[in-house]
Amino acid sequence: MSPLKAVAPDGTFSTGPDTTERLLTPGEVARIFGVDPKTVNRWALTGKIPSVRTPSGHRRYRETDITALLDGGCPQGGPTDRRTSRG
């Protein structure tokens, strides 16, 4: 049986004795990318960004995953592909 994943009040979770990661809310990720939180959830649903679920069912995003996306590890059409139409 796998170890229990517990989310602490400070927004971190642990999958083992030496592993702790900061989890970001959809609102925090939205502010980073300059989009609406619903867009962030849509990206997760379509597989453009990885997410985890809290025991209560809320979607959260690992800070390391978001940092990797910001560093250019994003597939086309994902969060850093900011196509704008300018006339």
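Contact means heavy atoms within 4.5 Å. This is a predicted model, in which local features need pLDDT of at least 70 and side-chain atom pairs count only at pLDDT 80 or more, while totals for chains, interfaces and linings use all residues. Residues are numbered from 1 along each chain as its sequence is written, and side-chain values use heavy atoms, with hydrogens and water left out.

**View 1. The elements of the chain run β-β-β-α-α-β-β-α from the N terminus on.**
The secondary structure comes to three helices and five strands. Helices (H or I, at least four residues) and strands (E, at least two) are DSSP runs, numbered from the N terminus. The chain has 87 residues, and 28% of them count as buried. Buried means under 20% relative accessible area, exposed means over 50%, and partly exposed is in between (1.4 Å probe, protein chains only). Among the contacts in the chain with a separation of 6 or more, 39% come from residues 24 or more positions apart.

**View 2. Helix α1 meets helix α2.**
The axes of α1 and α2 come within 8 Å and cross at roughly 100°. Axes are lines fitted to C-alpha atoms, for helices over the stretch in contact, and angles run from 0 to 180 degrees between N-to-C directions. The two helices, α1 and α2, are therefore roughly perpendicular to each other. (Angles under 35 degrees count as roughly parallel, over 145 as roughly antiparallel, 65 to 115 as roughly perpendicular and the rest as oblique.) On the α1 side the contact involves Pro-26, Gly-27, Val-29, Ala-30 and Phe-33, and on the α2 side Pro-37, Val-40, Asn-41 and Trp-43. By type, the residues of the contact of α1 with α2 are seven nonpolar, two polar and no charged. Here Ala, Val, Leu, Ile, Met, Phe, Trp, Tyr, Cys and Pro count as nonpolar, Asp, Glu, Lys and Arg as charged, and the others, Gly among them, as polar.

**View 3. Pro-37 touches residues of α1 from its place in α2.**
Pro-37 is found in helix α2. With a relative accessible area of 34%, Pro-37 is partly exposed. Apart from neighbours within four places in sequence, Pro-37 is in contact with Pro-26, Gly-27 and Ala-30. Pro-37 and Gly-27 are ten residues apart in sequence, and their C-alpha atoms are 5.1 Å apart in space.

**View 4. Helix α1 packs with helix α3.**
Helix α1 (residues 26–33) and helix α3 (residues 63–70) pack at an angle of about 15°, and their axes are 12 Å apart. That angle makes α1 roughly parallel to α3. The crossing of these two helices, α1 and α3, is right-handed. (A crossing is left-handed if the near helix is turned anticlockwise from the far one by less than a right angle, and right-handed if clockwise.) Val-29, Ile-32 and Phe-33 of α1 make the contact with Ile-66, Leu-69 and Leu-70 of α3. The residues of this contact divide into six nonpolar, no polar and no charged.

Leu-70 has a relative accessible area of 46% and is partly exposed. Leu-70 and Phe-33 are 37 residues apart in sequence and 8.7 Å apart in space, C-alpha to C-alpha.

**View 5. The largest nonpolar core holds eleven residues.**
Its members are Leu-24, Val-29, Ala-30, Phe-33, Val-40, Trp-43, Ala-44, Ile-49, Tyr-61, Ile-66 and Leu-69. Helices α1, α2 (37–45) and α3 each supply at least two residues of this core. A nonpolar core is a set of buried Ala, Val, Leu, Ile, Met, Phe, Trp, Tyr and Cys residues joined through side-chain atoms within 4.5 Å. In soluble globular proteins, nonpolar side chains tend to be buried together. Val-29 is in contact with Leu-24, Val-40, Tyr-61 and Ile-66, leaving aside neighbours within four places in sequence.

**View 6. Lys-48 and Asp-65 are partly exposed.**
Lys-48 lies in the loop between α2 and β4 (52–53) and has 30% relative accessibility. Asp-65 is found in helix α3 and has 21% relative accessibility. Asp-65 and Ser-51 are 14 residues apart in sequence and 8.7 Å apart in space, C-alpha to C-alpha.
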